[in-house]
Amino acid sequence: MTRVTDLITIDRSSPIPLYFQVASRLEELIENGELAPGSRLDNEIQLADELGLSRPTMRQAIAHLVDRGMLTRKRGVGTQVVHDRVRRRLELTSLYEDLDGAHQQPRTELLTLERRTADEQVAAALRIDPGAEVTYLERLRFAAGEPLALMRNHLPVAVADLTRKQLVTGGLYAALRAAGIRLRVADQTIGARRATTAEARVLDEPRGAPLLAMTRVAYNAGGVPVEYGSHLYRASRYTFELTLMAP
């Protein structure tokens, strides 16, 4: 079996730092598939010995790729190549359907499905009175066996009678279509923040890890808001894509 270090060449006469030479070559091996997602690397001491480098240099190379989201360190597991990032175009689509279409094996854990009273923020988004009853759902979405997104949604109770089975076996938008609701447009905001302790735990990220934060208000054909979503995505596994047109 070919060792990963056999695929790395070090040029000690180059002005490029040694750690960066190693990191760049490992990145290339990951990008071209020679190091597949889930592959484990030997420990830093062994890699450093095989390449004739110091341990701090090897540690710096690995840390560089961890920071770029290409490698991950887990206690008891070691250093692994992370799964490919999920790339999603900015369209009015369901995450479940996007993942299914990309063969990412989506799976959903339904954490909460209940009726609540709307606070001022939810009421303003859905154009209802504060204190009005809404359907609240919280889901943990997996892709290729790993947690990807923590999704919280509020809907007016009159919109649809959602069931646990619908939300576990498919996406929210499929359930809405089954109820005869067609979404036509949405207002969406994307930002970033750090994970809380609870969010980091369910998303399998370190406390304070960066998360992509997305809020969306979706409207039906009549311009009536039918869904207010607040979703968190693992920045290490997820990106949004959009196409820009010149004016």
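The lining of the largest pocket divides into eight nonpolar, six polar and 10 charged residues. This is a predicted model.

**The largest pocket**
- About 540 Å³ of space lies in the largest pocket.
- Its lining has 24 residues, and L71, T72, E205, P206 and S236 are the closest to the pocket's centre.
- β2 gives the most, with four residues.

**The nonpolar cores**
- The largest nonpolar core has 21 residues.
- Inside this core, V4, V22, L26, L35, L41, M58 and L71 have the most contacts.
- The elements that give two or more residues to this core are α1 (18-31), α2 (44-51) and α3.
- α1 gives the most to this core, with five residues.
- A second, separate core has 15 residues, including L110, L137, L162 and Y173.

**L71, in both pocket lining and core**
- L71 is among the residues closest to the centre of the largest pocket, and L71 is also among those with the most contacts inside the largest core.
- Leaving aside neighbours within four places in sequence, L71 is in contact with I30, L41, I62, L65, V66, T79, Q80, V81 and V82.
- One of these partners, L41, is also listed among the core residues with the most contacts.

- H231 sits in strand β10 (residues 225-234).
- Not counting residues up to four places away in sequence, H231 touches L150, M151, R152, N153, L212, A213 and M214.
- The side chain of H231 makes a polar contact with the side chain of Y233, at 3.3 Å.
- H231 and I190 are 41 residues apart in sequence, and their C-alpha atoms are 9.6 Å apart in space.

- R127 lies in the loop between α5 (120-126) and β6 (133-143).
- R127 counts as exposed because its relative accessibility is 58%, and exposed means over 50%.
- D204 lies in the loop between α8 (197-203) and β9 (210-220).
- D204 has a relative accessible area of 40%, so it is partly exposed.

Technical notes
Residues numbered from 1 in each chain as written. Predicted model: local features only at pLDDT ≥ 70, side-chain atom pairs only at ≥ 80, totals over all residues. Heavy atoms only, no water. 1 Å grid on protein atoms, 1.4 Å probe; cavity = no way out; pocket = protein on both sides within 12 Å on 5 of 7 lines; lining within 4 Å. Points joined across faces, edges and corners; volume = space filled by probe spheres on them. Nonpolar A, V, L, I, M, F, W, Y, C, P; charged D, E, K, R; others polar. Core = buried A, V, L, I, M, F, W, Y, C linked by side-chain atoms within 4.5 Å. Buried < 20%, exposed > 50% of the residue type's maximum accessible area, 1.4 Å probe, protein only. Contact = heavy atoms within 4.5 Å. Polar contact = N/O pair within 3.5 Å; in protein donor to acceptor, adjacent residues only side chain to side chain.
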